Amino acid sequence: MPLLKGGALIDDPWQRLADDTALPADGAVIVSFARWRAEREVLLARSAPLGVLLKNTDPVDALAPDIARLQLIALEFPKFSDGRAYSQARLLRERYRFGGELRATGHVLPDQLHHMRRCGFDAFEVAKGDPVTAWRRAVHTFSAVYQPTGDGRAPVSALRRRLLAAAAD
Amino acid sequence: MYRYDEYDHAFVAERVAQFRDQVKRRLAGEITEDEFKPLRLQNGLYLQLHAYMLRIAIPYGTLSSKQMRTLAHIARRYDRGYGHFTTRQNLQFNWIKLEDAPDALADLAKAEMHAIQTSGNCIRNTTADHWAGVAIDEIEDPRIWCEIIRQWSTVHPEFSFLPRKFKIAVTGSPNDRAAVRVHDIGLRMLRDENGEPGFEVIVGGGLGRTPMIGKTIRPFLPKQHLLSYLEAILRVYNRYGRRDNIYKARIKILVHEIGAEEMRRQVEEEWEGLRDGALDLPADVVAGIGRHFAPPRYQPQPTIATETERLRFENRDFALWLRSNVVAHRQPGHAIVNLSLKPEGGPPGDASAAQMDAVADLADAYSCGEIRVTHEQNLVLPHVAVADLPAVWRGLTLIGFATPNLGLVSDIIACPGLDYCALANARAIPVAQRISQHFADLARQHDIGELKIKISGCINACGHHHVGHIGILGVDKNGTEFYQITLGGHAGDDVSLGSILGPAVPADQVVEAIDSLVRTYLAVRQDGERFLDTYRRVGNTPFKERLYATA
Ligand code: SF4
């Protein structure tokens with residue numbers, strides 16, 4: 001599946017490892033949360049990049065102690081209408097300060113990219129359509145937003161305050 | 001009233017453009033109906049029995065005369081010349097074409113209106129006390145807080161795919177007129193021991209299939225924490241609310257299953273990570289929103305409105321109307337005028353384009369250009385000078401909105417029911433019409449006194465039958481419409497859910513049944529008792545005995 005990242009389609013450098021596949025000596029791998037729990041020591045001992053795939057019922061706080069040692073976390077959308085991973089994403093970025101790649105996988109639709117991006121996702125396995133066009137749409141649809149999230153955009157309330165402060169100067 | 005600034009204008013315009021593009025892609029087959037559904041729902045488009053319905057948000061039930069004229073225009077241009085005010089303080093148009101929806105939304109945007117999040121599994125239009133800003137008993141105007149919530153919840157990226165819809169209500173007065181205990185979140189304004197206003201936070205109330213009264217999880221929340229606290233509640237719900245069964249997906253089920261204490265613990269824990277952050281509400285931001293809701297400049301009024309007094313003395317209809325439809329105002333010499341959208345035998349909550357325009361004209365002439373929509377499907381002119389009451393009454397009489405029946409037996413709430421709704425078991429509107437005709441005698445209605453009848457066409461309870469003094473629920477028995485009757489529900493501070501009286505009655509016996517209940521009440525009531533008081537004193541038995549003896 002093509003991977004949308006930084007507004008372009010790229011080849012996915014990561015290998016998604018099934019739980020019963022042997023761990024390769026090197027190469028970037030994504031393992032399930034269950035495998036991460038079972039083989040944490042071995043996985044962290046490798047020198048290659050490591051990613052963990054969380055189901056939307058897996059506890060994000062379990063990754064917190066090792067968050068700086070992970071290069072990727074993938075969150076799953078079993079159905080596009082199941083929004084649990086949005087909360088997981090914000091917790092990972094905003095509370096646990098995860099700085100690696102946050103990937104959306106599963107039923108990822110073009111019209112959701114805007115929300116995903118605002119919640120901290122920066123890589124997307126888009127299930128259908130033309131992801132690059134969809135990305136452009138997601139970035140440019142709204143010139144302002146109403147909520148502060150970890151994406152750093154100043155919400156409308158902050159913009160208004162700035163206007164008032166400038167007027168008072 | 002809240003006025004959009006350049007950011008709000010840009011946002012709704014961009015939202016319309018986005019939806020226009022989505023509709024285009026849907027019509028071109030690039031998006032499946034399944035994928036399109038949440039997109040159109042979050043823009044207020046709902047597929048009904050015969051056509052698309054467009055549900056327009058009327059935030060906290062406040063409208064300007066200009067906005068009312070825009071609604072009239074939409075009714076004429078894109079619908080069949082009328083609209084339907086709902087129990088959510090919204091307006092629904094029942095005959096919209098999908099292709100027309102983006103144009104209708106663009107017209108709305110010009111009047112600072114939208115249909116964002118009026119449907120779908122997201123945070124819906126926040127409702128408030130319809131006498132906000134003019135009621136005598138108010139601590140603070142709840143609309144300030146509703147507007148803050150409206151902005152925060154608009155296209156919230158984390159909470160657009162919740163387990164189920166989510167409704168928040170705010171009351172600015174200790175006397176709850178917003179039914180805060182039967183919402184997903186209810187906020188009740190009160191003062192702490194230092195006199196500082198804040199909120200009691202109530203979670204997990206709701207009607208529908210499993211009616212529940214909300215639990216207080218925080219007795220007092222200082223105002224500046226409102227949004228971080230709401231975000232904490234929503235996050236707990238988004239992560240742990242049930243998604244395996246649509247009927248168990250509302251937050252009330254989560255609260256019920258884990259218990260109010262555990263809910264409180266989880267919310268408080270989540271809140272610890274959110275409080276005092278970017279969602280904190282600085283006083284200047286609140287004041288900036290608050291300025292929009294400053295009271296209008298009232299004209300000085302004479303101490304005695306001679307013409308009003310004379311007419312009250314001479315005209316019985318006017319006197320009745322004053323008694324039931326006109327309420328005391330905070331500003332001396334002014335009154336709150338309630339418009340009844342429940343004419344004898346009419347469908348509750350309907351208004352034609354001509355009626356909407358006429359209300360807008362009356363608002364301009366006599367109510368500082370302002371109108372309110374109530375969750376009881378009526379309208380309000382909130383700022384009328386007492387001296388202008390005769391003129392307003394004449395104007396309302398001409399358009400049929402002066403029926404003096406507010407809060408009386410014919411002021412019935414009814415959901416769209418089988419006439420429009422794909423989920424209905426039975427009709428609701430025609431039942432309301434027949435009851436209203438039966439009790440047409442206004443002197444008798446005033447003698448019966450306060451009595452709230454609420455009708456739902458199915459268990460989803462959009463007509464709030466659980467909190468009707470008399471609740472009527474449409475059920476299907478082998479393809480025939482039957483109606484189950486509940487007694488003793490109430491949506492105020494002393495909230496209660498109605499209890500089922502006995503076997504459901506067939507459609508042709510509903511009016512007789514209601515008549516029997518009213519007669520029982522009249523026979524056993526004591527001095528000064530309303531229907532609800534009598535019911536609470538004597539219980540089901542006398543009502544049941546009489547009803548099922550005659551049936
Ligand atoms: S109560 Fe049932 S019939 Fe009435 S509007 Fe709601 S879903 Fe439709």
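## A facing pair in chain A

A:Leu4 sits opposite A:Leu9 in E2(A). Strand E1 (residues 3–5) of chain A is joined to E2(A) by three bridges, and the two run antiparallel. Two strands count as paired if DSSP finds at least two bridges between them, while helices (H or I, at least four residues) and strands (E, at least two) are DSSP runs numbered from the N terminus.

This is a predicted model, where local features need pLDDT of at least 70, side-chain atom pairs count only at pLDDT 80 or more, and totals for chains, interfaces and linings use all residues. Residues are numbered from 1 along each chain as its sequence is written, chains are lettered from A and ligands numbered from 1 in the order written, and side-chain values use heavy atoms, leaving out hydrogens and water.

## The sheet around it

In chain A, eight strands make an open sheet with mixed pairing, in the order E2-E1-E8-E7-E6-E5-E4-E3. At the edges are strand E2 (8–10) and strand E3 (15–16) of chain A, each pairing on one side only.

Helix H2 (residues 84–95) of chain A packs on this sheet, touching strand E5 (50–54), strand E6 (72–77) and strand E7 (101–106) of chain A. Contact here means heavy atoms within 4.5 Å.

## Over in chain B

B:Asn94 is part of strand E5 (residues 91–96) of chain B. B:Asn94 counts as buried because its relative accessibility is 6% (buried means under 20% relative accessible area, with a 1.4 Å probe and protein chains only). Beyond neighbours within four places in sequence, B:Asn94 has contacts including B:Gln48, B:Asp79, B:His84 and B:Tyr420.

Definitions and conventions:
Axes are lines fitted to C-alpha atoms, for helices over the stretch in contact, and angles run from 0 to 180 degrees between N-to-C directions. Buried means under 20% relative accessible area, exposed over 50%, partly exposed in between (1.4 Å probe, protein chains only).
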